[in-house]
Amino acid sequence: MCGIVGYIGNPERTIGVLLNGLKSLEYRGYDSAGICVVSEGERNTVRSEGKLENLKIKIEDKQITAPTGIGHTRWATHGKPTENNAHPHSCGPVSIVHNGIIENYSDLKEELSARGHEFYSDTDTEVLAHLIEEQYEDGVLLEEAVLKGFERVEGSYAVAVLSENEPDKIVALRKFSPLVIAESENEKFIASDVPAILPYSKNIIFLEDGDIAVITSGSIKIYNYSGQEIKRDKKLINWDPVMIEKAGYRHYMLKEIHEQPRAILDTIRGRFSESEFTVEFEELLKFNSKDISKILILGCGTSYHASLIGKYLIESIAGISTEVDLSSEFRYRDNVIDDKTLILSISQSGETADTSEALIAAKEQGAVTIGLTNVEMSKIAREADFTVYTKAGPEIGVASTKAFTTQIITIYMMAVYLAIKRKKIDKDLSKDLIRSLISLPKLMQVALELDSSIKVLAKEFHTYKNFIYLGRGINYPVALEGSLKLKEISYIHAEGYAAGEMKHGPIALIDENMPVVLIAPKHGNYFQKIMGNFQEIKARGGRIIVVTSDSSFQNQLGKDDRIILIPECSELLSPLVTVIPLQFLAYHIANLLGTDIDQPRNLAKVVTVE
Ligand code: F6R
């Protein structure tokens, strides 16, 4: 959470680069923002509560030029999202922006106070500014003061620091929070994440934990905490800057929903052979699947829902016993895992603290770990024994859409891969599974055509205060995902349930004020059962939106019920189709309610706090 940027270069461009960078990092936090720029003998700090627009308005009045600057967009942890708590924080000549949490900040603050330091904010970050300032005596370089100042700091951080006394320098360091650097002719860039610097360079240096970078207009030098210079290679990132624009869509979320067939194609490309009917994961060459007796999938939020679908896929295709846990729960309970357990950690960002810490804990217990993430060089990518990437491209909207479907398709391919490796399926079955995979993007494209009809449907339903989503089997997690999408962007209360659970309690909620979204693709056993649930709801006066591939369902509907017809698709891949109308429904309802769809209140795209 929180986004950091830094720039050294053309004084006329500094403000623009900082603000553009912050704009593309706003998904990391957006409750307040600030910048600080320095030139010879002058430092200017501007901070503002609320969205970046407020900061922009404040800066426009000031006509600031300076060659060096840092900026920050905040997701509050310590202290309310006020201007006073907004970063950068300063003490003496030093200003700092910080992403992360300083765990021992109150002890450090107490000690500093006893030595006469006075604090103006409620943040942990201000403590860092004081610690550095205290070490920044005459003759000491900023990087030396930073290193000394951080000696007793515990927690996670990525920081960028500048000083009025050394205006051609930014010192950046990281521990457990991401930080990237790049350069173009005469310019240097620092950011929490690649999208902020992609418009200027695709050759990115990823700092590692314990790196301290000293960046000046002439050079980028990287040291370890003992002060030895180290080399970090540049990595070419093939994301196109256009991918991080809205491409004519009103919101990133809508753009990302529509990108799903393309994201699926990119994710499956090169992984299967159409002639041999096999699936390949080059990154798993050294992974011995035969030694595995159990799989445990870990994730949070939408990635957790993809994990639940993963259980159905792996058990059904590869026949390996699979459990699923919320990353935040797994870590703090006694769990039974060993070197025969495969941990599959799923995270779009690859930075979610709950998931990365769970992965590290499982690794310590001897489990084999695979990270499944969308972001190269992210923490999970670096910590896992093996890393498999989804190719969704940058996901900017806070509500996850294309990350979800690319995660599911990757687990599906992994399940086929494991099944073939462990000789669980014959050629005919793998042929069928791969054929279904190939036909999927087209089916998703057909589902995307529902956009305008669901927009109309949303008008009828956007005033309800509560919703229930029901699904069965592999579409039960889709019910959870559909309800999460609705609540997070429209702030409407929504619950997802396994349809079979209705009669055990939730049915008491049903009346004419409770729309029920029923996910009922026409598949074998489940379909008949869910028809039963449909009748139960009807009998209690509930209003139903049914998502189905069976057009004859129409005949069963009452005058207030609605049907969303989706294309037929294999049962195992049906979640990738059924979820699309639910993403649209949440989007259009939120749009009618006028919420901030891409940056819903209280949320952040990357959750680096536990
Ligand atoms: C919901 C959403 C969140 C994330 C969760 C995990 O739309 O985006 O629930 O899925 O915070 O994030 P990652 O996948 O980055 O670990």
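These legends describe several close-up views of one predicted model. Residues are numbered from 1 along each chain as its sequence is written, and side-chain values use heavy atoms, with hydrogens and water left out. Because the model is predicted, local features need pLDDT of at least 70 and side-chain atom pairs count only at pLDDT 80 or more, while totals for chains, interfaces and linings use all residues.

**View 1. The antiparallel sheet that contains β1 and β10.** Strands here are DSSP runs of E with at least two residues, helices are DSSP runs of H or I with at least four residues, and both are numbered from the N terminus. Eight strands, in the order β3-β2-β4-β1-β10-β9-β11-β15, form an open sheet with antiparallel pairing, where two strands pair if DSSP finds at least two bridges between them. The edges are held by β3 and β15 (234-236), each with a single partner strand, so one side of each is left without a neighbour in the sheet. From one strand to the next the twist averages 20 degrees, with axes taken as lines fitted to C-alpha atoms (for helices over the stretch in contact) and angles running from 0 to 180 degrees between N-to-C directions. Strand β1 (residues 3-8) is joined to β10 by 4 bridges, and the bridge partner of I8 in β10 is K188. Helix α1 (residues 14-25) packs on this sheet, touching β1, β2, β4 (68-74) and β10, and its direction makes about 160 degrees with that of β1; contact means heavy atoms within 4.5 Å.

View 2. Strand β2 (residues 32-39) and strand β3 (residues 42-49) run antiparallel and are joined by 8 bridges, and C36 has T45 as its bridge partner in β3. The two strands form a hairpin with 2 residues between them, and in the turn G41 has a positive phi of about 75 degrees. Helix α2 (residues 52-60) lies across β2 and β3 and runs at about 140 degrees to β3.

View 3. An open sheet of 5 strands has the order β19-β18-β20-β21-β22, and its pairing is parallel. Here β19 (322-326) and β22 stand at the edges with a single partner strand each, so one side of each is left without a neighbour in the sheet. The twist between one strand and the next averages 20 degrees. Between strand β20 (residues 341-347) and strand β21 (residues 368-373) there are 6 bridges, and S345 stands opposite G371 in β21. Helix α10 (residues 353-364) lies across β18, β20 and β21, and runs at about 165 degrees to β20.

View 4. Rings of Phe, Tyr and Trp (its six-membered ring) pair if their centres lie within 6.5 Å, with planes under 30 degrees apart counted as stacked, over 60 as edge-to-face and the rest as tilted. By this rule the count comes to 10 aromatic pairs. The ring centres of F281 and Y417 are 5.4 Å apart and their planes stand at 75 degrees, so this pair is edge-to-face. F281 lies in the loop between β17 (278-279) and β18 (294-299), whereas Y417 belongs to helix α12 (residues 402-421), 136 residues apart. F281 has a relative accessible area of 0% and is buried, and Y417, at 3% relative accessibility, also counts as buried; buried means under 20% relative accessible area, exposed over 50% and partly exposed in between, with a 1.4 Å probe and protein chains only. F287 and F386 form another edge-to-face pair, 5.7 Å centre to centre with 65 degrees between the planes. This pair joins the loop between β17 and β18, where F287 lies, to strand β22 (residues 386-389), which holds F386, 99 residues apart, and both F287 and F386 are buried.

View 5. The 20 residues of α12 should span 28 Å at 1.5 Å a residue, and its end C-alpha atoms are 28 Å apart, which agrees; the expected span is 1.5 Å times one less than the number of residues. Of the 20 residues of α12, 18 are buried, and just after this helix K423 takes a positive phi of about 55 degrees. In helix α8 (residues 301-318), 13 of the 18 residues are buried, and G319, which follows α8, has a positive phi near 65 degrees.
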